Amino acid sequence: MIDPVVDASWIADRPVVLADVRWYLDGRSGREAYERGHLPGAVFIDLDAALAGPASPAEGRHPLPDPEVFAAAMAAAGINDQDQIIGYDDAGGVVAARLIWLLRVTGHDAALLDGGLTAWPGELTTEVPVRPESTFTARPWPADRLATLEETVAAAGPVLDARDAPRFRGDVEPVDPRPGHIPGAKNLPVRANVDAAGRFLPVPELRKRFAEVGVEDAADVISYCGSGVTACHNLIALEHAGLGEGRLFPGSWSQYSHTDRPAATGD
């Protein structure tokens, strides 16, 4: 399987499928952003329709989609089982990581485009590619790459919260019922995995970031965020840094905060 992060030069002469996965917490339309300009040949993948199931207090804001729904969305975009998919957004990959993680855990060759839209060296286009509907096999989400709420609360290994520090501390909470974080979790904001240009930090610096929160090996790591989307970026970063594969708590804070379990605040 290819490395989970590749740059523009890597894809230059390869028949990859580019996937634009822009989405915004503030309600802006990722599709409209795509239509105003995207990488040549890129298809648009809608986070809410393709990469998440229906929201609920019991499951969170972005639970994993039904595998059949995910497969149908990939097929409708013209993606098949053999394609190499390169995902990007305009935020250092923190949204596109959800697509790439879902693909990789089900055995597909997929990677984030390092730097994404903001680091692309060429011109953007408004031309929407016409790709014939393809065949994409639905595969179950592997249980060994997921963690339930109960497993996350009882975890003996590191639990990483990918949100920005103010939300982790409980200073602000713009979307979920309660502020704070899961007791015992360590804050590792995903946006600090990349530099100002949206490119991943060098591997030694990524390893140092993980070591500072007690992670030397991803095997026992559980990653969460607000709703299980940006948490995938930390999992991609772990793998890119050569530390292995952790687990995702899909419901994340949007599920936990609907329970009566205690919320921790501060650092």
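Residues are numbered from 1 along each chain as its sequence is written, and side-chain values use heavy atoms, with hydrogens and water left out. Because the model is predicted, local features need pLDDT of at least 70 and side-chain atom pairs count only at pLDDT 80 or more, while totals for chains, interfaces and linings use all residues.

Helices (H or I, at least four residues) and strands (E, at least two) are DSSP runs, numbered from the N terminus. An open sheet is formed by 5 strands in the order 1-5-4-2-3, with parallel pairing; two strands pair if DSSP finds at least two bridges between them. The edges are taken by strand 1 (5-6) and strand 3 (43-44), each of which has a single partner strand, so one side of each is left without a neighbour in the sheet. Helix 5 (residues 96-105) packs on the sheet and touches strand 2, strand 4 (85-88) and strand 5, where contact means heavy atoms within 4.5 Å. The direction of helix 5 makes about 160° with that of strand 5; axes are lines fitted to C-alpha atoms, for helices over the stretch in contact, and angles run from 0 to 180 degrees between N-to-C directions.

The individual pairings are as follows. Strand 1 and strand 5 are parallel and share 2 bridges, and V6 stands opposite L113 in strand 5. Strand 5 also runs parallel to strand 4, joined by 3 bridges; here I86 has A111 of strand 5 as its bridge partner. Strand 2 (residues 17-20) pairs with strand 3 in the parallel sense over 2 bridges, and A19 stands opposite V43 in strand 3. In a regular strand the side chains alternate between the two faces of the sheet.

V43 is also among the residues touched by P129, together with Y34, H38, G41 and A42, not counting residues up to four places away in sequence. P129 lies in the loop between strand 5 (110-113) and helix 6 (149-153). The C-alpha atoms of P129 and G41 are separated by 5.6 Å, although the two residues are 88 residues apart along the chain. P129 counts as partly exposed because its relative accessibility is 25%; buried means under 20% relative accessible area, exposed over 50%, and partly exposed in between (1.4 Å probe, protein chains only).

Helix 9 (residues 231-240) is mostly covered, with 9 of its 10 residues buried. The buried residues of helix 9 include C232, H233 and N234, and they pack against strand 1, helix 5, strand 5, helix 8 (203-212), strand 8 (222-224) and strand 9 (247-248). Helix 9 is followed by G242, which has a positive phi near 80°.

The structure holds 0 disulfides, a disulfide being a pair of cysteine sulfur atoms within 2.5 Å. The closest cysteine sulfur to that of C225 is in C232, at 7.1 Å, too far for a bond. C225 counts as buried at 1% relative accessibility, and C232 counts as buried at 0%.

Aromatic pairs number 5 in the whole structure; rings of Phe, Tyr and Trp (its six-membered ring) pair if their centres lie within 6.5 Å, and planes under 30 degrees apart count as stacked, over 60 as edge-to-face and the rest as tilted. F70, F136 and W141 are linked into a cluster by ring pairs. R14 lies over the face of W10, at 4.0 Å from the ring centre, and R28 lies over the face of Y24, at 3.9 Å from the ring centre. A charge sits over a ring if NZ of Lys or CZ of Arg is within 6 Å of the ring centre and within 35 degrees of the ring normal.
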